[in-house]
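Colleague: Could you walk me through this one slowly, please? I would like to look at it while we talk.
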Amino acid sequence: MKVMMDGANKMEDELQKLYSEVNRIIEEGDLETARRIVEENYDALVDSLGDVVPPGVEQAAMLDILAQLRLSLGDTNEAEKLLEQIERILETSGTETNVAMLENILSHVGNMYKALGQSGKAVPAFESSLQIQENTLGEDSPLIVRLLMGLAATYLENDEEEKAIETFQRVVATIERTSGPNDEQLALPLAEMGHILLEVERFDEAEAALLRSLQITEQVYGPEHWQTGCATCSVARVKTAKGEFLEAESLYRKGLQYVESSTDFPENEDEILMSKANIRGDLAELLDALQRYDEAQELWKKNLEEKEKELGKDDVELTPTLLGLASSFQDAEKYDQAEPLLRRSRKLLTNQFGPMGLETCEAMIRLATVLHYLKKDDESEVLARQALRIRESTYGPSHPSTAEACNTLASILNALNQCEESLTLMQRVLRIHETEYGADSLELAVTLELIIILLDKLDRKSEILPLLLRLEKLMESEASGLDFQS
């Protein structure tokens, strides 16, 4: 056994040397030499190992290092092939020997699948690695917290919110048991758990977790640190979701003040810039919802100014801020000020994703709507038809996003007195919404009203009465708080 362990340690040392050397060459920019070293040393390394570790595990360990290096080189297809080979080897090899090495391999596999955007494949690797750690260290060991945190994040990426929440709860319980209820390590898992609880609309639980995270963060960093500011704004997001708008605004302003006045910035200054921009954006959206448009627009403009200074004026990453400011102008019915922002957004997105890119479509629909309000219906119609083609080709003819594009085009055609086509589009919207929300949903009310207006304009009065009766029953159902059964 001692000979075997010594051999395993020697192998890991050799693999680490190879990994470090190739990464150094990659950092120097000599990718071809790095690839050549990986390919030439792999066979030599296999020959030098002999039989010092059980067959299977040694192959998986070497493929693990090779896959990491391929990923560092940007050779994602090659890395994925190697990961598949590792999985096949581990399926057929035993897990009783060389447990520490196997746990490392599985952790690396999980991290590589995450980097490849394949969280579904990362989950079983992390779960297997966790099982080994639990068997070795015990299920309550604080040493497994790091792996649990990674597993929870992977569950979230895989849209398994409940599993992510349960895993974060386990992390919190483990830290509390070993380090006490106010340990600074609790701030991060409580915050992460609070954000997921907010997403799944478990608002009271989210607020409790985020308030506790804020309390610990303030205890560790002080009341005016930028991290305390960010934690304060996390609580503000819950207050907004609960409809407690004035308290949310107060928390946002306090948190933003802490972040903007802090001098204790992280090493990566991009993090603090992103925090400021996110907080301003959240507060601006709240103020827009409260119809305090001038205040909201000042925040949007501040974000745009900072991003332009950081990125230049032609970077596609400006578009969320441009669209946010445009929305504020649009909500305030200042369509002439929204138009140039939407044109600029569309241009940046077109340059990045092409004129028929799905990413371009959002700005296109918004611009079409604004041009419609500015009575520029000819151009508006062209954009709306193009947006509808993009949505149809991406989502199909019966998707809610396609219905949105149909609705936009129908409104424009109605203004151009093309009522027949407008009616056809709105009837299509109604069918999609019936499938999406149910035939008895109040979500259908606005669509029914628009169809009735179009039928009236077309003098098709006999078709109006059934729709009026249906609309009346929907409204009565809403007023009584009962579900209408057709």
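**Reading the helices**

Modeller: Let me start with one residue, and please keep in mind that this is a predicted model. Glu-207 touches Val-238, Lys-239 and Lys-242, if we do not count residues up to four places away in sequence.

Colleague: Where does Glu-207 sit?

Modeller: Glu-207 has its place in helix H10.

Colleague: And is Glu-207 buried or exposed?

Modeller: Glu-207 has a relative accessibility of 11%, and because buried means under 20%, Glu-207 counts as buried.

Colleague: Which residues of H10 are buried?

Modeller: The buried residues of H10 are Ala-206, Glu-207, Ala-209, Leu-210, Ser-213, Leu-214, Ile-216 and Thr-217, and they pack against H9 and H11.

Colleague: Why would residues a few places apart point the same way?

Modeller: An α-helix has 3.6 residues a turn, so residues three or four places apart point the same way.

Colleague: What span should H10 have, and how far apart are its end C-alpha atoms?

Modeller: At 1.5 Å a residue, the 19 residues of H10 should span 27 Å, and the end C-alpha atoms of H10 are 26 Å apart, which agrees. H10 is followed by Gly-222, which has a positive phi near 100°.

Colleague: Let's move to H9, then. Which residues of H9 are buried?

Modeller: In H9, which covers residues 187–199, the buried residues are Ala-187, Pro-189, Leu-190, Ala-191, Met-193, Gly-194, Ile-196, Leu-197 and Leu-198.

Colleague: What covers the buried residues of H9?

Modeller: The cover includes helix H7 (145–157), helix H8 (161–179), helix H10 (203–221) and helix H11 (226–241). As for length, the 13 residues of H9 should span 18 Å at 1.5 Å a residue, and the end C-alpha atoms of H9 are 19 Å apart, which agrees. After H9 comes Glu-201, with a positive phi near 65°.

Colleague: What about H8, and which of its residues are buried?

Modeller: In H8 the buried residues are Ala-164, Ile-165, Thr-167, Phe-168, Val-171, Val-172, Thr-174 and Ile-175, and what covers them includes H7, H9 and H10. The 19 residues of H8 should span 27 Å at 1.5 Å a residue, and the end C-alpha atoms of H8 are 27 Å apart, which agrees. Just after H8, Gly-180 takes a positive phi of about 100°.

Colleague: Where is Pro-355 placed, and what does Pro-355 contact?

Modeller: Pro-355 is in the loop between H16 and helix H17 (358–373), and Pro-355 is partly exposed, with a relative accessible area of 48%. Leaving aside neighbours within four places in sequence, Pro-355 is in contact with Thr-350, Thr-360, Met-364, Gln-386 and Ile-390. Pro-355 and Ile-390 are 35 residues apart in sequence, and 9.4 Å apart in space from C-alpha to C-alpha.

Colleague: Last one: at what angle do H20 and H21 pack?

Modeller: Helix H20 (residues 419–437) and helix H21 (residues 445–457) pack at about 155°, with their axes 10 Å apart, and H20 and H21 are therefore roughly antiparallel to each other. The crossing of H20 and H21 is left-handed.

Notes
Residues numbered from 1 in each chain as written. Predicted model: local features only at pLDDT ≥ 70, side-chain atom pairs only at ≥ 80, totals over all residues. Heavy atoms only, no water. Helix = DSSP H or I, 4+ residues; strand = E, 2+ residues; numbered from the N terminus. Expected span 1.5 Å × (residues − 1). Buried < 20%, exposed > 50% of the residue type's maximum accessible area, 1.4 Å probe, protein only. Contact = heavy atoms within 4.5 Å. Axes fitted to C-alpha atoms, helices over the stretch in contact; angles between N-to-C directions. Parallel < 35°, antiparallel > 145°, perpendicular 65-115°, else oblique. Left-handed = near helix turned anticlockwise from the far one by under 90°.
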